[in-house]
Amino acid sequence: MTQDAATAVADRYRRFARDEAPGRSAVYEAWAGRVADDAAVAEALSVIPETRRQPPLVFAVMRLLGAPLDDLDAWTSWVLAHADAVVEECGRRSVQTNEPLRCAALLPALSLIDGPIALLEVGASAGLCLYPDRYSYRYRSGDAVVELDPVDAPSRVVLDSDLEGHPDLRMPEIVWRAGIDLSPLDARRAEDRDWLTGLVWPGEEGRRERIERALDIAADDPPILVAGDGAQALPALAARAPAGATLVVTTPGVLAHVPRVHRTAVIEAARAAGRWITLDAPALHEGWTRPPESLRGGFALALDGEVLAEADPLGAWVAWHPGS
């Protein structure tokens, strides 16, 4: 492995320690700083394929394999001793962020669609964003809190989000749930649950609990999940949706992980199948009816390409300004 690769690893992890980890995970900040400063550790990680070297992925793999959390020197020794295992495991893993809080950003768009709804997600992971009707919502709007619960009872999964603007919120009527992913995860399998919860950064325990509870909901009523490419697999899966239901295809945060040359094909397949809801960085693609403007640095929420709001990528806040 060339010195250039090790230098690239050190630079990438230095940026992560400086710009991404602070305020979210002291453990990951310390680990990334050590990679940046320790040439032997950077060289060990440079053997990982470039597309699998993202700090959140590599660190999640290390935790899965038993890396010590609380002693940085012990962690360094562990990495050097287990480098081959880390490289091998990273080669078969990918970041599969499955944050149910994203439903707080999707709900205002879903509220515009009459039910019954057949919900299909591209990049579904374990399908936790296919249950917006099974979660409770608490939108903080100024001094008020807008509360919305499932029709039968409040959910064990409560999604808290800051709301600006006044969307007409209502629970969607979802009668069918399906998803596509390159490597779908099964909420009923202990190995898949461990991997998904392991992607939560140390220090984000509230997030881990939310995901665990959402996994329980998915395990009790599993969605249809198929392995495949979004654009290629979508037509056949969409054809399985029940007659009489409005098919809604969602692509929340997944298009960033699709090579740019293929994004248009996914968007075209989604729009051909039914209604299309997406949550993306404004510059990510040209699927908008008009170019969105980012005022707060968030993602654009759109229905059939029409931008309705700006939102935090994981749903922590929603600024609803349709037509602005």
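Which residue forms a salt bridge with Arg193? The views below, taken from a predicted model, begin with this pair.

**View 1. The salt bridge between Asp216 and Arg193.** Asp216 is the partner of Arg193, and the closest N and O atoms of the two are 2.8 Å apart. Because Asp216 lies in helix H9 and Arg193 in helix H8 (residues 190-198), the pair ties together parts that are 23 residues apart in sequence. Asp216 counts as partly exposed at 33% relative accessibility, and Arg193 likewise counts as partly exposed, at 21%.

**View 2. The salt bridge between Asp221 and Arg134.** Here the closest N and O atoms are 2.9 Å apart. Asp221 belongs to the loop between helix H9 (205-220) and strand E6 (224-227), whereas Arg134 belongs to the loop between strand E1 (117-122) and strand E2 (136-141), so this contact ties together parts that are 87 residues apart in sequence. Asp221 is partly exposed, with a relative accessible area of 32%, and Arg134 is also partly exposed, with a value of 30%.

**View 3. The salt bridge between Asp160 and Arg140.** The side chains of these two residues meet with an N to O distance of 3.9 Å. Asp160 is part of strand E4 (residues 158-164) and Arg140 is part of strand E2, so the pair ties together parts that are 20 residues apart in sequence. Both ends are partly exposed, Asp160 with a relative accessible area of 38% and Arg140 with one of 35%.

**View 4. A network of salt bridges that includes Arg189 and Glu89.** Glu89, Arg92, Arg93, Arg189, Glu191 and Asp192 are linked to one another in this network. A search of the whole structure finds 28 salt bridges.

**View 5. The largest nonpolar core and the surroundings of Tyr135.** This core has 76 residues, and those with the most contacts inside it are Phe59, Met62, Tyr135 and Tyr137. Its largest share, seven residues, is contributed by helix H7 (residues 102-110). When neighbours within four places in sequence are left aside, Tyr135 is in contact with Pro100, Cys103, Leu128, Leu148, Pro150, Ser155, Val157, Leu159, Met171, Ala214 and Ile217.

**View 6. Another core, lying apart from the largest one.** This second set has 24 residues, among them Ala178, Ile180, Ala231 and Leu237. In soluble globular proteins, nonpolar side chains tend to be buried together.

Methods:
Residues numbered from 1 in each chain as written. Predicted model: local features only at pLDDT ≥ 70, side-chain atom pairs only at ≥ 80, totals over all residues. Heavy atoms only, no water. Core = buried A, V, L, I, M, F, W, Y, C linked by side-chain atoms within 4.5 Å. Buried < 20%, exposed > 50% of the residue type's maximum accessible area, 1.4 Å probe, protein only. Helix = DSSP H or I, 4+ residues; strand = E, 2+ residues; numbered from the N terminus. Contact = heavy atoms within 4.5 Å. Salt bridge = Lys/Arg side-chain N within 4 Å of Asp/Glu carboxyl O.
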